[in-house]
Amino acid sequence: MSHRTIHLFRKGLRLHDNPTLLGALASSSELFPVYVLDRTFLEGAMGLGPPRWRFILQSLEDLDARLRALGSRLYVLRGSTTALLHDLVTRWGVTQISYDTEVEPYYTCMEREIQALAQERGLQTYTRVSHTLYDVRRIVKANGGSPPLTYKKFLHVLSVLGEPEEPVRDVSAEDFLRCSPPVEPHLEQTYSVPSPADLGLELETEVLWPGGETHALQRLHKHFQSQGWVSNVSKARTVPNSLLPSTTGLSPYLSLGCLSVRTFYHRLSSVCAQAKNHSLPPVSLQGQVLWREFFYTVASATPNFTKMQGNPICLQIDWYHDPEALEKWRTAQTGFPWIDAIMTQLREEGWIHHLARHAVACFLTRGDLWISWEEGMKVFEELLLDADYSVNAGNWMWLSASAFFHKYTRIFCPVRFGRRTDPQGQYVRKYLPVLKNFPSKYIYEPWKAPEDVQLSAGCIIGKDYPRPMVCHTEASQRNLGLMRQVRTEQQNTAELTRDVADDPMEAELKHELQEEELLEGAEQHSTSKRFSSDADHKSRPCSWTPETLQLSREVM
Ligand code: FAD
């Protein structure tokens with residue numbers, strides 16, 4: 001069968017490991033690669049802010065250039081996806097529409113509309129999964145029809161399913177030769193990639209993460225040049241306040257599908273297979289990729305996953321409604337330099353380290369402000385380049401101890417957490433230049449500096465930089481009491497995402513705990529079950545085989 005096909009890019013903005021595009025090309029005599037900039041949808045359902053807009057536009061430019069190098073091009077349209085498809089099907093005489101299957105409700109809703117259009121117009125549809133390692137529906141099915149709600153159960157299901165599929169070969173010029181692109185000169189101007197200015201986006205910030213498959217593959221390649229680093233990554237040992245990312249920084253590319261997660265995963269597998277010693281899930285790099293898969297799986301089969309209300313796995317908490325406090329957090333005006341520096345980096349650069357995300361998320365929710373995780377999630381959605389429906393909500397539930405994470409008595413101190421890995425406060429000085437002349441002794445708590453020190457630093461606390469918006473000790477004590485009460489009342493919900501045995505993520509937390517504040521009066525946790533120091537450097541297969549799983553249990 002030789003189709004005239006529209007290949008609809010939504011995520012998956014790449015030509016490597018793109019099974020949907022490859023399959024569509026194989027069954028077509030003409031193929032139109034299409035991306036729809038549906039502003040209402042992208043800014044509404046997906047909460048896109050200007051930095052991610054720019055990242056998407058750069059990724060589209062890159063995709064267009066890569067397609068042109070193969071003798072094709074990208075057609076960028078503006079408007080509503082289904083309305084435009086209705087029109088294009090007639091105009092271009094289309095007989096098939098291809099697209100990647102996604103899990104987010106707004107994408108599945110769009111897929112239903114495309115299916116309805118196909119039925120109405122007698123078109124074929126061609127879809128494959130390529131944004132996750134597995135078709136997450138298989139994982140849910142293998143778990144008896146519901147998603148595995150703990151990482152340990154999840155790894156167990158994967159050990160039954162076996163390794164994820166290998167990536168498919170790159171799309172080539174030969175694929176497009178068989179599928180000659182339509183020659184319509186007037187289309188050239190009409191469907192080009194707009195610039196941020198064309199869309200009225202004002203962006204003054206520097207581009208540290210240029211969008212697109214080319215940059216994604218370069219970044220991947222750079223990391224894999226140091227195979228020792230790749231195989232020995234232990235998440236908890238990476239530094240949240242280093243001035244350059246201490247982890248791969250691949251998340252923006254994975255989130256938009258400029259990089260295939262299967263390509264990343266299988267490259268990790270081959271490096272680990274050659275390494276004598278390597279770290280293991282949950283703290284290894286493969287472990288991180290599996291966390292992503294875990295949240296995608298749970299999100300795909302949990303109603304209202306990004307909300308508290310109507311979400312069966314999420315504790316129902318009477319969070320404070322305090323727009324003023326939320327605004328201070330959002331705009332880096334909390335008066336805690338560590339928190340404000342992170343929020344500044346987020347706003348200016350669109351990426352922050354995982355533990356930095358821990359710090360600000362804990363502060364906003366169960367740590368200090370007792371504000372709903374949904375509010376924090378929305379701010380991240382707007383500002384993060386890697387903002388992702390499943391991963392963002394899953395981690396916010398985790399950090400607020402609303403689901404998945406149960407050691408809620410552990411609350412990060414907004415002073416000591418940052419000081420541990422950056423005692424001189426270089427990170428704070430970079431992102432909050434107003435504080436840059438404070439002596440290191442006061443850089444994390446400048447309100448304690450005597451007046452003459454403040455004067456000579458050129459920054460008066462309360463005037464040039466805010467005083468702390470809360471007393472951390474008091475606020476965290478009070479919140480701990482509230483959380484304890486919630487968990488007593490909603491024990492059944494809490495148990496849903498908890499393993500009877502300890503949580504394997506304990507490995508990740510072990511390191512953080514050394515400096516973490518254990519609140520007065522909080523239950524003191526036994527350390528007897530913590531991992532031994534070399535726990536994540538056993539010489540074992542890199543993936544989640546039953547042996548690995550057993551090892552995770554042993555090291556707890
Ligand atoms: P690496 O450590 O190099 O990990 C490689 C990849 O593994 C990442 O790119 C990511 O795809 C995946 N990964 C790593 N950590 C996690 C995790 N905890 N959960 C799921 N997948 C993970 N990540 C996002 O991609 N999008 C989000 O919207 C997002 N929101 C978050 C919100 C909060 C409150 C927290 C605490 C974490 C959030 N994360 C999110 C997870 C994590 O912080 C980032 O994926 C990671 O910091 C990205 O940097 P990296 O690519 O260098 O990660």
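Rings of Phe, Tyr and Trp (its six-membered ring) are taken to pair if their centres lie within 6.5 Å, and planes under 30 degrees apart count as stacked, over 60 as edge-to-face and the rest as tilted. The model is predicted: local features need pLDDT of at least 70, side-chain atom pairs count only at pLDDT 80 or more, and totals for chains, interfaces and linings use all residues. Residues are numbered from 1 along each chain as its sequence is written, and side-chain values use heavy atoms, with hydrogens and water left out.

**Figure 1. Aromatic pair of Tyr75 and Tyr191.** The structure holds 33 aromatic pairs. In the pair of Tyr75 and Tyr191, which is edge-to-face, the centres are 6.0 Å apart and the planes stand at 70°. Because Tyr75 lies in strand S3 (residues 75–78) and Tyr191 in the loop between helix H9 (187–190) and helix H10 (213–224), the pair ties together parts that are 116 residues apart in sequence. Helices (H or I, at least four residues) and strands (E, at least two) are DSSP runs, numbered from the N terminus.

**Figure 2. Crossing of helices H4 and H5.** The axes of H4 (residues 81–91) and H5 (residues 105–121) come within 10 Å and cross at roughly 25°. Axes are lines fitted to C-alpha atoms, for helices over the stretch in contact, and angles run from 0 to 180 degrees between N-to-C directions. H4 and H5 are therefore roughly parallel to each other; angles under 35 degrees count as roughly parallel, over 145 as roughly antiparallel, 65 to 115 as roughly perpendicular and the rest as oblique. Among the residues of H4 that meet H5 are Leu85, His86 and Val89, and their counterparts in H5 include Met110, Ile114 and Leu117. Contact means heavy atoms within 4.5 Å.

**Figure 3. Crossing of helices H14 and H19.** The axes of H14 (residues 285–300) and H19 (residues 389–399) come within 8 Å, with a crossing angle of roughly 95°. That angle makes H14 roughly perpendicular to H19. From H14, Trp291, Arg292, Phe295, Tyr296 and Ala299 meet Tyr389, Ser390, Val391, Gly394, Asn395 and Trp398 of H19.

**Figure 4. Surroundings of Glu165.** Glu165 is placed in the loop between helix H7 (151–161) and helix H8 (173–177). Residues up to four places away in sequence aside, Glu165 touches Arg128, Leu133, Arg262 and His266. Glu165 and Arg262 lie 97 residues apart in sequence and 7.5 Å apart in space, C-alpha to C-alpha.
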